[in-house]
Amino acid sequence: MRVIYPVVVAGAGLVGTAIARELSARGEKVLLIDRQEPGRGTSYGNMASIAVNGFDAVSRPSTWKKLPFWMMDPQAPVTADPRHAVTMIPWFLRFLAAGRPKRIREIENAGARFATRSLADIRRLLGEIGAPELLSEATCLQLYETEKAFRDGRDNLDLMARHGLDYEVLEGDAIRAHEPLLNPAIAKAVLLPQNHFITDPLGYVARMVEDMRRRGGEFLDGDMARVERDNRGVTAIVLKDGRRIETDRLVVAAGMETAVFARAMGEPIPLETERGYHTQIMPPGGADLRYSLIWPERAFMVTPTAGGIRVGGSVEMAGLTRAPNWRRARILVEHARFAVPALKVENITEWMGHRPALPDTIPILSASSTTKGLFYATGHGHLGLTYSATTGIVMADLVMGRTPPVGLEPFRIDRFSGIAP
Ligand SMILES: Cc1cc2nc3c(=O)[nH]c(=O)nc-3n(C[C@H](O)[C@H](O)[C@H](O)COP(=O)(O)OP(=O)(O)OC[C@H]3O[C@@H](n4cnc5c(N)ncnc54)[C@H](O)[C@@H]3O)c2cc1C
């Protein structure tokens with residue numbers, strides 16, 4: 001039997017689901033496909049933060065100087081498995097290239113287009129799907145142990161100011177007045193009034209799928225094997241069990257696996273996994289936090305999600321197949337216990353996931369450069385939840401041939417052509 005769909009979205013993480021949902025809301029007949037329950041990939045375990053200030057370019061001289069020390073320190077916020085590091089040299093060269101002053105400005109300007117509207121877009125989306133309660137009204141404190149750490153992190157505050165984002169610097173008793181549970185050793189904190197969080201990231205994806213279905217969209221449990229095309233463009237996808245679904249518009253939003261399909265379509269992309277960890281501390285956890293916490297120097301967050309306090313973060317460059325190194329998760333818990341001494345780490349679950357990361361830290365949100373009707377949305381790195389609703393809007397516009405409200409030139413798939421990935 002021929003199965004034909006006007007639009008297929010492959011990958012039901014935060015990114016693919018937000019796109020499929022937005023397309024259905026605009027009256028498109030959508031099929032969303034995933035080989036697991038929607039939201040069970042990387043989107044399951046993130047730190048749930050709408051990290052409005054998180055769009056600074058990561059590659060910059062101040063980061064480069066720290067890298068050699070980080071590589072020698074197992075407790076460092078960034079580590080690399082030496083066997084994997086050699087395979088990453090082309091990615092790393094591009095990462096360095098992204099740290100030129102002109103490129104840093106371009107990357108940050110591109111990120112700002114998304115970051116500055118992300119909270120409003122998520123709020124609107126949650127309203128449309130009837131789930132406003134998933135957005136916590138609590139905001140975020142960014143912590144610094146020393147004056148020096150605060151001065152070293154000044155660039156992030158300057159960036160926010162340049163793009164009209166508010167913040168408030170707190171010190172001494174003012175920090176404890178906001179969050180009494182914080183260790184008095186913390187010298188400075190920055191209140192980030194736009195950095196809200198989602199109380200349940202998996203629930204966020206599930207509610208988007210429900211809304212998509214209510215509007216006539218469908219979800220299919222399936223593992224995409226390949227894309228078929230002819231000289232007019234995309235014609236079908238084929239699943240690993242042999243099922244064939246005809247379509248002339250396909251969005252590949254398969255997280256890390258998007259790279260496999262892009263390569264097969266003749267447009268390879270330098271996607272690398274930045275592995276991250278979380279520990280979920282089941283209630284009561286000993287600490288009734290008023291804020292989510294972020295500690296940039298130690299690369300971790302603490303978020304009081306609906307299912308308990310979540311502690312997570314870290315960047316581990318170790319590829320897709322190596323077993324998790326749970327020590328990374330436990331280091332973060334130690335940091336969290338330092339920040340919040342009342343935290344009781346008793347009943348826990350641990351998780352590791354793969355952030356799809358491009359060397360210039362901005363996603364690919366793009367029509368294919370080789371195939372009509374094919375689109376890509378991946379590489380959201382640390383900001384997939386933050387950019388979820390905005391990604392849905394701009395990708396729906398691309399797929400429907402409309403002009404997105406955000407210029408997408410910096411997010412093109414072919415921006416990496418030149419050096420082989
Ligand atoms: C520790 C950690 C903390 C984070 N914290 C935050 C945060 O606080 N705020 C924030 O904004 N971001 C955060 N992130 C980043 C965010 O989670 C990711 O950017 C986001 O989840 C990426 O979403 P995605 O939809 O691209 O990928 P995924 O969630 O991985 O979804 C891709 C989906 O594609 C499916 N798929 C793959 N291949 C196929 C195939 N062949 N056929 C069918 N289906 C397929 C997978 O099963 C998967 O469900 C964090 C990430 C980590 C690891």
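Modeller: Helix α1 packs against helix α9 (residues 201-214) at an angle of about 25 degrees, and their axes lie 9 Å apart. Here axes are lines fitted to C-alpha atoms, for helices over the stretch in contact, and angles run from 0 to 180 degrees between N-to-C directions. α1 is therefore roughly parallel to α9 (angles under 35 degrees count as roughly parallel, over 145 as roughly antiparallel, 65 to 115 as roughly perpendicular and the rest as oblique). The crossing of α1 past α9 is left-handed, a term used if the near helix is turned anticlockwise from the far one by less than a right angle, with right-handed used if clockwise. Helices (H or I, at least four residues) and strands (E, at least two) are DSSP runs, numbered from the N terminus.

This is a predicted model, in which local features need pLDDT of at least 70 and side-chain atom pairs count only at pLDDT 80 or more, while totals for chains, interfaces and linings use all residues. Residues are numbered from 1 along each chain as its sequence is written.

On the α1 side, the contact is made by Leu-14, Thr-17, Ala-18, Ala-20, Arg-21 and Ser-24, which meet Val-205, Met-208, Val-209, Asp-211 and Met-212 of α9 (contact: C-beta atoms, placed from the backbone, within 7 Å). By class, the residues of this contact of α1 with α9 are 7 nonpolar, 2 polar and 2 charged. Ala, Val, Leu, Ile, Met, Phe, Trp, Tyr, Cys and Pro count as nonpolar, Asp, Glu, Lys and Arg as charged, and the others, Gly among them, as polar.

α1 (14-25) also supplies at least two residues of the shell around the ligand, as do β2 (30-34), β12 (272-281), β15 (308-317) and β16 (348-357). That shell has 15 nonpolar, 22 polar and 6 charged residues. Of the 43 residues around the ligand, Gly-13, Gly-41, Gly-255, Gly-276 and Gly-384 come nearest (near: C-beta atom, placed from the backbone, within 6 Å).

The axes of α5 (residues 101-128) and α12 (residues 388-399) come within 7 Å and cross at roughly 90 degrees, so α5 and α12 are roughly perpendicular to each other. Residues of α5, including Phe-114, Ile-122 and Leu-125, meet residues of α12, among them Ala-389 and Ile-393. The contact of α5 with α12 comprises 5 nonpolar, 4 polar and 3 charged residues.

Notes
Contact = placed C-beta atoms within 7 Å.
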